[in-house]
Amino acid sequence: QLQLVESGGGLVQPGGSLRLSCAASGFTLDYYRIGWFRQAPGKEREGVPSISSRGDYTNYADSVKGRFTITIDNAKNTVYLQMNSLKPEDTAIYYCAASVQEFDFLIPLIADEYYYWGQGTQVTVSS
């Protein structure tokens, strides 16, 4: 059974940091691109960063460039999202998603391009 499980969410003060993990089971990430998405109440799901199956390519939304870093550990079959300088507007449920990697440079931040999804982890940035 193909499964993605996110962890690492929580409550953090503005300016703080969190590291989210996305662990895959039932399949190997060696052949899959991964995207992190977030959805705040009343807002559409937003692509945050994405990464190619071997980590050679990354793609970041303008809203998180310079603050968030996505990495992949193929040996652990896990993708990480390091979030620094967090802002209240980063508050959302964060999801990781996967789909088959066709070309390394094709790592869109479009939810419809991914078909395996985790259950999400809540990130709240508040003082």
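Cys-96 is buried, with a relative accessible area of 0%. Buried here means under 20% relative accessible area, exposed means over 50%, and partly exposed lies in between (1.4 Å probe, protein chains only). Cys-22 also counts as buried, at 0% relative accessibility. The model is predicted: local features need pLDDT of at least 70, side-chain atom pairs count only at pLDDT 80 or more, and totals for chains, interfaces and linings use all residues. Residues are numbered from 1 along each chain as its sequence is written, and side-chain values use heavy atoms, without hydrogens and water.

Cys-22 and Cys-96 form a disulfide, with their sulfur atoms 2.1 Å apart. A disulfide is counted when two cysteine sulfur atoms lie within 2.5 Å. A search of the whole structure finds one. The link of Cys-22 and Cys-96 is right-handed, with 70° about the S-S bond. The pair joins distant parts of the chain, 74 residues apart. Cys-22 sits in strand β3 (residues 18-25) and Cys-96 in strand β9 (residues 92-100).

The protein has eleven strands and zero helices. Both are DSSP runs numbered from the N terminus: helices are H or I, at least four residues, and strands are E, at least two. The radius of gyration is 13 Å, close to the 14 Å from the globule rule for 127 residues, so the protein is as compact as a globular protein of that length. This radius is taken over C-alpha atoms, and the rule is 2.2 Å times the number of residues to the power 0.38. Along its principal axes, the C-alpha trace spans about 40 × 25 × 25 Å. Of the 127 residues, 46% count as buried.
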